[in-house]
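Open the model in a viewer and keep the selection panel at hand.

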Amino acid sequence: MARTESQSNDKFAGSWFWRYASPAAFFPLAGKLEKLCWALAAVLAAVGLYIGFFVAPTDAQQGEVYRVIFIHVPAAWMTMVIYMAMAFWAATGLVLGTRLSFMMSHALAPTGAIMAVVALVTGSLWGRPTWGTYWVWDARLTSTLILFFLYMGYMALAASFDDKKKGDRASALIALVGAINVPIIYFSVKWWNTLHQGSSVRPGSSSMAATMLTAMMIMTFAFWFYCVAAALHRLRTDIIERERNAAWLRDTLKAASQ
Amino acid sequence: MSLRGATTAVIRRELQLFAQRKSDWANPLMFFLIVCSLFPFAVGSESEKLKLIGIGVIFVGALLAAMLSLPKLFDEDARDGSLELMLASPEPLAALILARVAALSLALGIALSAVTPVFALFYALPFDVAAMLSLNVLMAVPTLLLVGSIAAALLVSARGGAILTAVLVLPLTIPTLIFGAGAALKVLYGESPAAELALQAAFMLLALALCPLAAAAALKISTD
Amino acid sequence: MIWESWAAFWAMGGRGLFVWGSYGVLAFAVIAELVTLKRARTSALKALHEHHEH
């Protein structure tokens, strides 16, 4: 059976990982990190949007509509990155038995699903004027859609258990199964795509002006910090819900409100 | 009892049960038949049109039919207590699960792939395409059941388990669908389906190696 | 400033609907998530206080 946290703590006493694996120690730290991430996300988004809309030139081929790239590509990347992070924390939870790891996975999933929706909708709004259709079954859009299904399945599974501990481990297992499948699905879809309709040309892949790339990268970091902040906020709410009997929580919240 | 003895005993018991409870395999077959006969009503009956969608419809129909029998893997055993015995057995749980999936795959895979050529007639598909489709259904059913056994194990006797199983498992079967239907399409276009068949076999072997272990872990989690 | 006028900025070369539609969807998603986060926190804190009073 999984080790309990107190046993682990004795064994790895002094190690920072185990110290912050306890909700009591992580709760205040997460609060500070969260604030920092919100601030960074806001500043970076402001800078990125300014460069994207007022410095980056008009694209020679696509005109102005390419400016969707500044949110579409970061959202698509976050969809992928968050799934991998989710699977990583799920694996950590299953191997080490740390409750906080499972909670981290749960906290990431809704944000990942939202990023998938944003990537899909902006992708099709970009696609309509660029290649004349709202949807193409291209490998990247299709795998984003499948990732969205995987996020929804993960969340539905986690919610279907009354026993939270069971739900934690069950959904972690399905996150791992999904993570093993994601590359297989991606390459299968890619292969299928070239078979059926010749590879579609994605805009923005070549000859991007340096300022366009700069804006896109800054926006990517803004998205990154936003996602971390949202996940940490959700994590702290989850801790409040699960630790309602813990004395430390009462003390921490009291100290914070004074 | 040796491991081999235990697994063959499980397979034999399962197959005997299938022989007794005809609804276990007859209902998925009826479902398959009905799904396949619905599509022409929606798209029209011109044989050229049907030929184009037939492969996909039949393949998806077979996957959905196999999907329907996933709750059969563990639910009944959880109700009558034999799951407890399985968990307490000294034999490795993964091997016992593999034996059950193997029995279900044998019964269902053979049944579904045997009727596939008949449905291919509905869609005006030539005989060689029908044969290739049949072979691919035979390979896809075990892959789906292996992957599905993980979800079925997690959701043993959970409320709304059947629909959630489908939500969890169907996205993971996309590679199988791509290459299974792809092989039949290649035959339809007069090309060699060797690459698709090899990949299809590879997925089956990969699922065979990994899924029983994951399903055993899943069963331990859900019955904890 | 690369735009000739604010009108040109909002028009986005005739593709304003698609560009601002995309950003609108993002804004909606972010605001919806923030509202959900806030609500979940409020109800968690409320439940906690009720729990402590009993």
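Start by selecting the contact between chains A and B, to which chain B gives 20 residues and chain A gives 20 residues; two residues are in contact if their C-beta atoms, placed from the backbone, lie within 7 Å. On the side of chain B that touches chain A, at least two residues each come from α7 (127-154), α8 (161-169), α9 (174-188) and α10 (194-222) of chain B. Helices here are DSSP runs (H or I, at least four residues), numbered from the N terminus, and strands are E runs of at least two. Colour that side of chain B by class: 16 residues are nonpolar, three polar and one charged. Ala, Val, Leu, Ile, Met, Phe, Trp, Tyr, Cys and Pro count as nonpolar, Asp, Glu, Lys and Arg as charged, and the others, Gly among them, as polar.

This is a predicted model, in which local features need pLDDT of at least 70 and side-chain atom pairs count only at pLDDT 80 or more, while totals for chains, interfaces and linings use all residues. Residues are numbered from 1 along each chain as its sequence is written, and chains are lettered from A and ligands numbered from 1 in the order in which they are written.

Next, select the contact of chain A with chain C, which takes 27 residues from chain A and 22 residues from chain C. On the chain A side, α4 (69-96), α5 (99-131) and α8 (210-242) of chain A give two or more residues each. The most come from α5(A), with 10 residues. By class, this side of chain A has 14 nonpolar, six polar and seven charged residues. Of the two pairs of chains in contact, A and C share the most contacts. Chains B and C do not touch, and their nearest C-alpha atoms are 24 Å apart.

Now return to chain B and show α7(B) with α8(B). Their axes are 9 Å apart and the packing angle is about 135°. Axes are lines fitted to C-alpha atoms, for helices over the stretch in contact, and angles run from 0 to 180 degrees between N-to-C directions. The two helices are therefore oblique to each other (under 35 degrees is roughly parallel, over 145 roughly antiparallel, 65 to 115 roughly perpendicular, the rest oblique). Select Val147(B), Gly148(B), Ala151(B) and Ala152(B) in α7(B), which meet Thr165(B), Leu168(B) and Val169(B) in α8(B).

Finally, select Tyr23(C), in helix α2 (residues 16-53) of chain C. Is Tyr23(C) buried, exposed or partly exposed? Tyr23(C) is partly exposed, because 18 other C-beta atoms lie within 10 Å (20 or more is buried, 12 or fewer exposed, in between partly exposed, with C-beta atoms placed from the backbone).
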